[in-house]
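Hi,

Here is the structure I promised to pass on. Have a look at it first, and then read on for what turned up.

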Amino acid sequence: MQLASDTLAGELIHRRFSSEIYPATTRDYWVYIPNGYHADHASNLMIFQDGYQYINPDKPMNIPAVFDQLIKTGDMPHTIAVFVNPGEVAVQEKPDHHPDTLRSIEYDTVSDQYARFLLTELLPDALSGLNVSQDPKNRAIAGFSSGGICAWTVAWYRSDQFSKVLSHCGSFVDIRGGGVYPYLIRNEHIKPIKVYLQSGENDLDTRYGNWALGNQAMASALKFKGYHYQFAFGQGGHTLEHGSKVLIDSLKWLWHDEHRTASQSAPAPAQ
């Protein structure tokens with residue numbers, strides 16, 4: 001991923017937040033405000049689960065630097081991003097395979113609870129004083145692994161708020177019932193969701209299911225139903241490496257219908 005060194009950086013603000021929907025949890029989150037933001041013009045919005053993974057400059061994604069470049073070159077619209085970590089708990093009271101957080105409960109559960117947390121609790125705090133579009137076509141949500149299925153779940157239940165999804169190695173398996181999504185997609189009315197899925201041949205294979213097969217089943221169901229989707233399937237494992245290689249193209253594709261420019265292109269082949 002080639003990034004310009006002279007791109008003017010946006011602002012990244014760190015905050016802590018306590019939830020009532022997920023009682024006794026606190027979490028870190030970060031708000032990215034792009035260079036050139038003006039309060040008289042509504043910016044687009046993109047939410048990232050496992051937020052620190054996506055902003056850590058030592059990790060593959062480094063989303064703020066990528067946004068800086070794509071916004072500067074006109075390859076995506078001015079977009080405010082919110083990077084949200086899972087809720088941390090002082091005392092673990094529910095069974096979970098992330099003992100210090102509610103990550104699996106928040107991300108893998110097939111319900112509208114996490115969407116309600118975002119829309120009624122966290123985003124009003126994060127976006128206070130900012131002019132953000134309320135049009136779902138201008139609002140996207142993303143995540144890795146359990147965060148990837150979480151992004152889909154939010155859009156599935158609240159496509160009136162988020163119509164774009166970017167899922168990296170999404171956990172479309174039966175951790176907390178997420179393996180049902182291919183069936184639901186095939187049998188429920190089509191929803192106004194545009195989705196980019198990424199996975200690989202060597203993704204996870206555990207007692208919960210096979211991540212590569214789960215993502216292939218999702219892509220097959222999306223195709224059957226006529227959704228607007230892309231599926232980047234490579235040879236990689238359960239990491240963000242492949243996702244980072246197709247990141248720029250996936251973001252261009254995701255925002256293409258709202259922000260057409262001469263430099264936009266189709267997603268690159270899976271690596």
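Let me start with a question: is helix 9 mostly covered or mostly open? Helix 9 is mostly covered, with nine of its nine residues buried. Buried here means under 20% relative accessible area, exposed means over 50%, and partly exposed is in between, using a 1.4 Å probe and protein chains only. The buried residues of helix 9 are Leu-247, Ile-248, Asp-249, Ser-250, Leu-251, Lys-252, Trp-253, Leu-254 and Trp-255.

A word on the ground rules. This is a predicted model, so local features need pLDDT of at least 70 and side-chain atom pairs count only at pLDDT 80 or more, while totals for chains, interfaces and linings use all residues. Residues are numbered from 1 along each chain as its sequence is written, and side-chain values use heavy atoms, with hydrogens and water left out.

The overall picture

The chain has nine helices and eleven strands. Helices (H or I, at least four residues) and strands (E, at least two) are DSSP runs, numbered from the N terminus. Of the 271 residues in the chain, 55% are buried. Take the contacts (heavy atoms within 4.5 Å) between residues at least 6 apart in sequence: 74% of them join residues at least 24 apart.

Helix 2 against helix 9

Back to helix 9, then, and its partner. The axes of helix 2 (residues 63-73) and helix 9 (residues 247-255) come within 11 Å and cross at roughly 55°. That angle makes helix 2 oblique to helix 9. For the cut-offs, under 35 degrees is roughly parallel, over 145 roughly antiparallel, 65 to 115 roughly perpendicular, and the rest oblique. The axes are lines fitted to C-alpha atoms, for helices over the stretch in contact, and the angles run from 0 to 180 degrees between N-to-C directions.

On the helix 2 side, Ile-63, Val-66, Phe-67, Gln-69 and Leu-70 do the touching, and they meet Leu-247, Ile-248, Leu-251 and Lys-252 of helix 9. By class, this contact has seven nonpolar, one polar and one charged residues. Nonpolar covers Ala, Val, Leu, Ile, Met, Phe, Trp, Tyr, Cys and Pro, charged covers Asp, Glu, Lys and Arg, and the others, Gly among them, are polar.

Val-66 of helix 2 is worth a click. Val-66 counts as buried because its relative accessibility is 1%.

The cores

Which residues touch the most other members of the largest nonpolar core? They are Val-82, Leu-122, Leu-123 and Trp-152, out of 48 residues in that core. Helix 4 (residues 113-126) gives this core its largest share, eight residues. Apart from it lies another core, of 30 residues, and Trp-30, Tyr-32, Tyr-54 and Val-66 are among them. A nonpolar core is a set of buried Ala, Val, Leu, Ile, Met, Phe, Trp, Tyr and Cys residues joined through side-chain atoms within 4.5 Å.

Leaving out residues up to four places away in sequence, Trp-152 touches Val-165, Phe-172, Tyr-181, Ile-185, Ile-193, Val-195, Met-218, Leu-222 and Tyr-227.

A few single residues

- Gly-10 sits in the segment before strand 1 (11-19), and counts as partly exposed because its relative accessibility is 24%. Beyond four places in sequence, Gly-10 touches Tyr-32, Ile-33, Pro-34, Asn-35 and Asp-68.
- Gly-200 is in strand 8 (residues 194-202) and is buried, with a relative accessible area of 1%. Not counting residues up to four places away, Gly-200 touches Ala-212, Phe-233, Gly-234, Gln-235 and Gly-236.
- Asn-62, in the loop between helix 1 (51-55) and helix 2, has a phi near 50°, a positive value in a residue other than glycine.
- Cys-169 lies in the loop between strand 7 (164-168) and helix 6 (181-187). Phi of Cys-169 is also positive, near 50°, and the residue is buried at 0% relative accessible area.
- Lys-245, in helix 8 (residues 241-245), is exposed, with a relative accessible area of 55%. Lys-245 and Met-61 are 184 residues apart in sequence but 8.9 Å apart in space, C-alpha to C-alpha.

Cheers
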